[in-house]
Amino acid sequence: MLAASASGGGSFLPLLMIVLLFGVMYFMMIRPQQKRRREAQQMQSTLGPGAEVVTIGGLHGTVVETDAETVTLEAAPGVHLRYARPAVARVLKNDVPEPAAPPAAETITSPVEPAKD
């Protein structure tokens, strides 16, 4: 009877080790990859004319035009190349003009003139 209970309790340890192994794999491999993918998608969605980029093939260029799926790069003056958005590996310099904030309201005060008697 004692031997049967000892072997039943031992089968829990390998199951726990497998669960821990999958947990470590998730935090060491899967989660960082998902984070990199989200950052790449965010970077590709914010591309706009004027940004200097590098493609996955190593081409350096300036973004001239973008649409939902493609980016047109100018590699040299007058040379325009069209790439898929995921082909952009990184942004070197993002000169995309951001919308300007409205100027703060200025208060104009007029000098108070003394009353004449």
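Which residues does threonine 72 touch, not counting residues up to four places away in sequence? The answer is Thr62, Val63, Val64, Glu65, His80, Leu81 and Arg82, where contact means heavy atoms within 4.5 Å. Before going on, a word on ground rules: this is a predicted model, so local features need pLDDT of at least 70, side-chain atom pairs count only at pLDDT 80 or more, and totals for chains, interfaces and linings use all residues. Residues are numbered from 1 along each chain as its sequence is written, and side-chain values use heavy atoms, with hydrogens and water left out.

Threonine 72 sits in strand E3; strands here are DSSP runs of E, at least two residues, numbered from the N terminus. Its relative accessibility is 14%, so threonine 72 counts as buried (under 20% relative accessible area, with exposed over 50% and partly exposed in between, using a 1.4 Å probe and protein chains only).

Now for the partner strand. E3 covers residues 70-76 and runs antiparallel to E4, residues 79-84, with six bridges joining them; two strands pair if DSSP finds at least two bridges between them. Alanine 76, meanwhile, stands opposite valine 79 in E4.

Also in strand E3 is alanine 75, which counts as partly exposed because its relative accessibility is 34%. Alanine 75 touches Leu59, His60 and Leu81, again leaving out residues up to four places away in sequence. Take leucine 59: it lies 16 residues from alanine 75 in sequence, yet the C-alpha to C-alpha distance is 7.5 Å.

Conventions:
Helices (H or I, at least four residues) and strands (E, at least two) are DSSP runs, numbered from the N terminus.
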